[in-house]
Amino acid sequence: EYMGRKSLTEHVQSNVTSHLLLLCTAVSKLQEENTALQQEVSLLQRSDERFIWVIANFETKRGPLYSRKFVAKNVQWYLGVDFEGPDQHAGVYLFAEGHSRRVDFKLILFNVDPANDKIHTVNDWSIEFKGKGWGPLKFINRSNLENTGFLVNHCVRVGVEIEREPFE
């Protein structure tokens, strides 16, 4: 006698426990890997002068966007991206968090090929913008990210290096 394929509902009902176990195992493994990666990143950024922000699904984002806060040179900072820049460009800015100091810094837009990383040195943080964000208005050219190697698996990677002690 021929037994036909079970319907999806019958299959799921008879195998629900094994499916849940597979799902739980997969989620648990992803959580472990995520925790490990977060710790690796945390150690890499311990230098107290560099912070790396990976922005997932960059091409679908609308601004402004802000990174998590980080400590460099014993004070808190965060990065922001503004998508309202001219000519399909996005500006990237360093913000002081809880203080009004300024600093000289370097922004890096990481390319798939390190030789093509885009670097912008900022050493002109205007006193009028003390306590506010400062950085280049046209740092990320959004019109051709993928073909130029700046969009990797839908992620844009931005780094900031604090170049010297903060000042008033």
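The following dialogue concerns a predicted model.

Mentor: Residues are numbered from 1 along each chain as its sequence is written. Because the model is predicted, local features need pLDDT of at least 70 and side-chain atom pairs count only at pLDDT 80 or more, while totals for chains, interfaces and linings use all residues, and side-chain values use heavy atoms, without hydrogens and water.

Trainee: How many residues has the largest nonpolar core?

Mentor: A nonpolar core is a set of buried Ala, Val, Leu, Ile, Met, Phe, Trp, Tyr and Cys residues joined through side-chain atoms within 4.5 Å. Among the residues with the most contacts inside the largest one are F58, W77 and I140. The number of residues in this core is 32.

Trainee: Is H89 buried or exposed?

Mentor: H89 lies in strand β5, a strand being a DSSP run (E, at least two residues), numbered from the N terminus. Buried means under 20% relative accessible area, exposed over 50%, and partly exposed in between (1.4 Å probe, protein chains only). Because its relative accessibility is 13%, H89 counts as buried.

Trainee: What is the bridge partner of L107 in β9?

Mentor: Strands β6 and β9 run antiparallel and are joined by five bridges. In β9, the partner of L107 is V160.

How values were computed
Helix = DSSP H or I, 4+ residues; strand = E, 2+ residues; numbered from the N terminus. Pairing = 2+ DSSP bridges.
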